[in-house]
Structure formats: C-alpha cells, structure tokens
Amino acid sequence: MITTAITADLVHGIAELERTARGVRPHRLPAAALARFTDPQLSMVEAQPSGARVTVATAARTLELVLHPSRVGYLGAVRPRGQVDLVIDGELLRSDPLGGGDLVEVDLRTGASAFHPGDAHVATFPDLPAGDKVVELWLPHNESVELVELRSDEPVRPVVTTGRRLWVHHGSSISHGSNAASPGRIWPAVAARRGGVDLRNLGLGGSALVDPFTARVIRDAPADLISVKFGINVVNLDGMRLRTFVPAVHGFLDTIRDGHPRTPLMLISSIFCGIHEDTPGPGAIDPASLGTDQVRFTATGRTGDRELGRLSLQVIREALASLAERRADDPNLHYLDGTLLYGEKDAAEHPLPDALHPDTATHQLIGERFAEHAFGADGPFAQRQ
C-alpha cells in the first residue's frame, strides 16, 4: 500500500488544517474567526467536519483512511457514531461506521464529565471500480477527527478543480446534520449532489446566531452560490429581541455583499418545529426524557408571548420575509420560507424524533425539496448560460 500524508490540497470544504501530534485536524472556521469569541459550543461544532471530504483522483481499487475520532457523549443516552461515506463521481456508494477514538462523557444531570481514550480508526473501502475516478471520502459530520494518513494500492492525486460551482451554506444543527445517519445524507449534501455543486457547509450546531465573524468568513470565502438560514438557534438561545435581530441580519447580509456583491444569495427561515412555532425560548432538554432511549427538547417560554419583541419561529419568518422585501434593490437576493422544505403537514408524517432535529429520511426530503427549488430551471441557483 502507498501511504500519502493528508495535506490541505486533499481536503475540500474546510477553512484550514491544524497540525496535531497525530496528524491534522480539519476546521470549518479559520482560527482568526474563532479568536473573536471563545465559545465552547462553537469550538466543538466547527471542528466536526460536516460537509468536508478527502478528495483524490486515482485508479486505486482499495483506499484506507486512518483517522482518530473524538466525540462528546451523554451518560444514559445512546448517540449513533459518525461514519465516513464513499462518494465516487458524485454517487454515494457506501459508509464505514467509526470505531474507537476518544470520548468525553457528560452527565447532563450534574454537568460532570469523564474522558475515555481510544484507538485510531481505519476506514477501509475495498473493491472500488476499476479505472481512473474522483473519490471523495466524506468525513463524519458529528465527531471531530484527526486525519493521520491515506493508504492506497495505486497513487492518488489532488483534484485541483471539479468544474462544479461552489455553494457556501450557513445554518444551525439541522444544516450541520444532526440526527442524519451519515455525512453524505445530511440535507445540504443531498441538495449539493442533486444540484451538481461543491458544498462548503457552515452549518454550526447551536451557533447560527447572526455572528458578525461568521459573516466575515463568508465574505472572504470563494463562493459561486451562498445561502444563510436563521431561526431556530436564535429562538433556542433567547438571546435577541426583534429590535436587535432585524438589524443584525441586515448587517450580516451587508457584510457578505462587501465580498460578493452580485453572487446569488438565499435567505432561508426555519423549517417547522412545533415546540417553538409560537413559543419563545430558551430551549432546553426535557428532563422527563433523560435516561430514556430518546432525549427530547422543549421550549421554556410562554406560548404566544410577543411582548418586548420576544422571538418565536413565526415571528422570525415574518421578520425575514419583510426584511427581504426591504432589500428589493438587490436582484440576486432571494427569500425562502423554510416551511416549504418541511412544514406542519410534514411533521405529521415525518415527526422530528427529538422534537427539534430531522431524521435521515427527513434530511433526504428537505435536501430534495431545496434542490428542486434552488437548482431547478427557474430557481435562484439555476445554471445560467
């Protein structure tokens, strides 16, 4: 087997690689952005390489990716492990579930945590199709990893350009991929394959909070298409009121436009989430679900409370629709109501297992609907001649 070191030209969909004792750790936000605000939640989720992939051109019949996973678990709650997905020439072929790695186990009742070290994992993909091909190994969306090395039975080459347009998307844990079975099955990945584009996913669990430093990252990033999705995290945190939220979104979009004045830009509101439709946050874990097979979330605000500009998902959708209308002088800005991707009727057929995040089948549904809306012949992201 030929051993290849993991270098920046092999890893797509990230901001930078951090050198570690074992190898390299992918980061979706640059260190300069993280230095603006040292939030443990943000630091954890940006290092989970959702949408990132090791991409090579090769005639190899066998590939092995050596990586060392690191994850957070919760005492008494079963969380599915991450996976590495194999995509060849744009088709998702198979998945390799992770084993080993380090675990930080948190007791949600007390806040205490324990560290459990583990071994590296080798994601092995034998019997690949013959001939030269572009292979993408999609990294786990729900665990941080250190990439150690790539092994192959034939040489591998970096893919300088795929010839596809680059789509940069920012959103919450739903865009990050929570509850999806594997990284290639999160809704932005589903939509990207259907739209024939390359994805850079800035879905950041619990962290789609209209942060100015995130806007600057998007401003400075290469992008042919951009989308930003706001709603659920703003309500969950209960950190804003209507008076501060609307100008913050204007500022976020203005910052993006400083670097991408004419790039197609889609503003998206939240999908349907029954617990927060008319009830402000903060959001919380339902204590009655602790120790059960399915932890669930709940809203702790008062239903119907709009006093002092308190935010529910309905309030935010109204605000974002109005905001988009006020920016009618920007012909490349488009608004999408998130309930068109997943609405109240869908919730009856495809309920959110934890009352907040879609399952794998619902990620597929959302991704297909987004692709149809965005990349269709008349869509805002359609390929124009």
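For the tallies below, Ala, Val, Leu, Ile, Met, Phe, Trp, Tyr, Cys and Pro count as nonpolar, Asp, Glu, Lys and Arg as charged, and the others, Gly among them, as polar. This is a predicted model, where local features need pLDDT of at least 70, side-chain atom pairs count only at pLDDT 80 or more, and totals for chains, interfaces and linings use all residues. Residues are numbered from 1 along each chain as its sequence is written, and side-chain values use heavy atoms, with hydrogens and water left out.

**Empty space**

Rolling a probe the size of a water molecule over the atoms shows where empty space is left. Here that is done on a 1 Å grid over the protein atoms alone: a cavity is a set of points where a 1.4 Å probe fits but cannot get out, a pocket is an open set with protein on both sides within 12 Å along at least five of seven lines, and lining residues have an atom within 4 Å of a point. Points are joined across faces, edges and corners, and a volume is the space filled by probe spheres set on them.

| Space | Volume | Lining by class |
|---|---|---|
| Largest pocket | about 1,600 Å³ | 22 nonpolar, 19 polar, nine charged |
| Second largest pocket | about 350 Å³ | 10 nonpolar, five polar, six charged |
| Second largest cavity | about 40 Å³ | three nonpolar, four polar, one charged |

Start with the largest pocket, at about 1,600 Å³. It has 50 lining residues, and Tyr 74, Arg 79, Ser 178, Phe 297 and His 357 are the closest to its centre. Elements giving two or more residues to that lining include α2 (40-46), β6 (63-74) and α6; helices (H or I, at least four residues) and strands (E, at least two) are DSSP runs, numbered from the N terminus.

The second largest pocket has 21 lining residues, with Val 11, His 12, Gly 13, Ile 14 and Leu 166 nearest its centre. Strand β16 gives the most to this lining, three residues.

As for cavities, the structure has two of 30 Å³ or more.

**Packing**

In soluble globular proteins, nonpolar side chains tend to be buried together. A nonpolar core here is a set of buried Ala, Val, Leu, Ile, Met, Phe, Trp, Tyr and Cys residues joined through side-chain atoms within 4.5 Å, and buried means under 20% relative accessible area, exposed over 50%, partly exposed in between (1.4 Å probe, protein chains only). The largest core has 67 residues, and Phe 230 and Phe 370 are among those touching the most other members. Helix α8 (residues 313-326) gives the most to this core, six residues. A second, separate core of 26 residues includes Ala 52 and Val 156.

Beyond its neighbours within four places in sequence, Phe 370 is in contact (heavy atoms within 4.5 Å) with residues including Trp 167, Trp 187 and Ala 191. Both Trp 187 and Ala 191 are buried residues of α4, a helix spanning residues 187-195 with seven of its nine residues buried. Those buried residues pack against elements including β12 (133-138), β15 (166-171) and α10 (360-375).

**Thr 58**

Thr 58 sits in strand β5 (residues 53-58) and is buried, with a relative accessible area of 0%. Its side chain reaches the backbone oxygen of Pro 155 at 2.8 Å, and a polar atom of that side chain lies 2.9 Å from the backbone nitrogen of Ala 60. Leaving out residues up to four places away in sequence, Thr 58 touches residues including Gly 131, Glu 154, Pro 155 and Val 156.

Conventions. A polar contact is a pair of N or O atoms within 3.5 Å; within protein, one must be able to donate a hydrogen and the other to accept it, and residues adjacent in sequence count only if both atoms are side-chain atoms.
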